[in-house]
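The questions below go through a predicted model one feature at a time. Please keep the sequence and the coordinates open while reading.

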Amino acid sequence: MNQAVRQRDGLPDPLATPLEQLDVADPRRFEHDTWQPLFERLRRESPVHYQSYGPGGPGAEGDFFSITRYQDIVEVEKNWEAFSSEPSIAILDPEPDMSVQMFISTDPPLHDDQRRAVQGVVAPKNLQEFEVLIRQRTQETLDSLPVGETFNWVDRVSIDLTTKMLATLFDFPQEQRQLLTHWSDTATSDARITAGRGLSIEERRVIMIEMLEFFTKLWHQHQADDRESFDLIRMLQRDPKTANMVDDPLSYMGNLMLLIVGGNDTTRNSMTGGVLHLYDNPEEFAKLKANPGLIPSMVSEIIRYQTPLPHMRRTATRDVELNGTLIPKGSRVVLWYISGNRDSDAIANADQFIIDRPNVRNHLSFGMGIHRCMGNRLAEMQLRIVWEEILQRFDRIEVMGPPVRTCNSFVRGYHELPVRLHPLV
Amino acid sequence: MPVITFIEFDGTEHQVDGESGMTVMETAMKHNVPGIDADCGGSAVCGTCHCFVETAGELPEVEPQEESMLGLRPDRESNSRLSCQLQISDQMSDMTVRLPEFQM
């Protein structure tokens, strides 16, 4: 079976080919879901692995190290002084003239100032208010679904719910919320990491400037209407350290991209992934049906198993040794969370989806250290509510065909998942 | 053996015996004290075992890694600590630890 699986992606056999001939970041392994054997081999044979060329194969610019073991990833995350998040948290360096600045790609103290300014959006008081709103919307969305006929879960549920939430976070006009999905998809569709299927630098630039213009107007509208609202834009405006961010377009644009992608692709793909993983593991679904109290634990397991952002990148600020290998100053260092999350030295039976596993929260999908996901509690809440409401309405969700996955090494997700709902009996 | 008193945000108290060699975080987890998540399992890289130490004897200094995570907390106070960095020993005095409203 493995042979057939490997041929499906059109790439060389990851176990029989010399490692130096394998492009670890080839997005087609994610598109065809054939990434596991290569990462399993790297964890075993070359856990701190140097690749002399960039994504795209020999000759491509952007050589990098791949870190694939759980503990090594944690070590790098800890050492933010030696492993900087500047200039980029993606494998590739920033595009020429598009050197946008976002706090995830900065180090302290600027990072801490900008992050603290927006962190309140996910403070408990806000989360409690969001919970009511999210539940109401989730109910509406689920109640509008056809029962007994096949439809695409990604469009009808995952995109719909995450985009509504994102619009709320920005106090963005709901009727134009599809723009947020469009911009989020654009931000991560760099042709250089999507096997050429994404957009060119020029195409992306035009769209990102459109986004900036829209959000610049929104900034001024929000400023003129300074009501008590805990949306991200008003939070930036209220904090003296970020109150003038709109005057620095590259910083404003960068942080918008960060918050839009961070609040969108991730939850969206975990919402779809959960349906698929539960369908593929009927005994786990049976556990859930028998004990809906497992939902919070299951949500963590879905996030681990999906790992919607397979990697982040750091850059070595000095020569530094990791697990016996010297990483020279200036090196790109890619932390493969998706691999660390399947490292059986850190997580027992890591390749299995187990909704009640011990220490279920100990996974790398949110990253670790000072750049750890700030929206993690909101994401968990959204997923928890979706599953609570699904179990109230449907007996099961049948997957009617294989998913269409994204061809992207930065976002592990889905374009389509055909499903059919079965009513409660 | 020191006695550790955890006080949840809503005021609920849990008194447990601290075991030498364990951390305060591990003690809370072992006794199912709600309010500590410990997402990273004790490496001081997630910040989700944040607590406020009300009374205690001498404690270890805040190391730079702990400081970098505490620095991100909007609810940080002067007695904020990551409970995974507080190792219990037999010589230790009893300790009262208040838990925050939320972990993030």
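Q: Does Asp171(A) count as buried, partly exposed or exposed, and why?
A: In this predicted model, where local features need pLDDT of at least 70, side-chain atom pairs count only at pLDDT 80 or more and totals for chains, interfaces and linings use all residues, Asp171(A) is found in the loop between helix 7 and helix 8 (178-187) of chain A. Residues are numbered from 1 along each chain as its sequence is written, while chains are lettered from A and ligands numbered from 1 in the order in which they are written. A residue is buried if 20 or more other C-beta atoms, placed from the backbone, lie within 10 Å of its own, exposed if 12 or fewer, and partly exposed in between. Asp171(A) has 18 C-beta neighbours inside 10 Å and therefore counts as partly exposed.

Q: What is the phi of Asn349(A), a residue that is not a glycine?
A: Most residues other than glycine have a negative phi. Asn349(A) lies in the loop between helix 15 (337-340) and helix 16 (376-393) of chain A, helices being DSSP runs of H or I with at least four residues and strands runs of E with at least two, numbered from the N terminus. With 9 C-beta neighbours inside 10 Å, Asn349(A) counts as exposed, and its phi is positive, at about 45 degrees.

Q: Which strands are the edge strands of the open sheet of five strands in chain A?
A: The strand order is 1-2-8-5-3, with mixed pairing, where two strands pair if DSSP finds at least two bridges between them. Strand 1 and strand 2 (residues 64-67) of chain A run antiparallel and are joined by four bridges. An edge strand pairs on one side only, and this applies to strand 1 (48-51) and strand 3 (83-84) of chain A.

Q: Which residues of helix 11 of chain A make the contact with helix 9 of chain A?
A: Two residues are in contact if their C-beta atoms, placed from the backbone, lie within 7 Å. On the side of helix 9 of chain A, the contact uses Met208(A), Met211(A), Leu212(A) and Phe215(A). From helix 11 of chain A come Pro249(A), Tyr252(A), Met253(A) and Leu256(A).

Q: Which residues is His422(A) in contact with, leaving aside its neighbours within four places in sequence?
A: His422(A) lies in strand 12 (residues 418-423) of chain A and is exposed, with 12 other C-beta atoms within 10 Å. Its contacts, with those sequence neighbours left aside, are Phe394(A), Asp395(A), Arg396(A) and Glu398(A).
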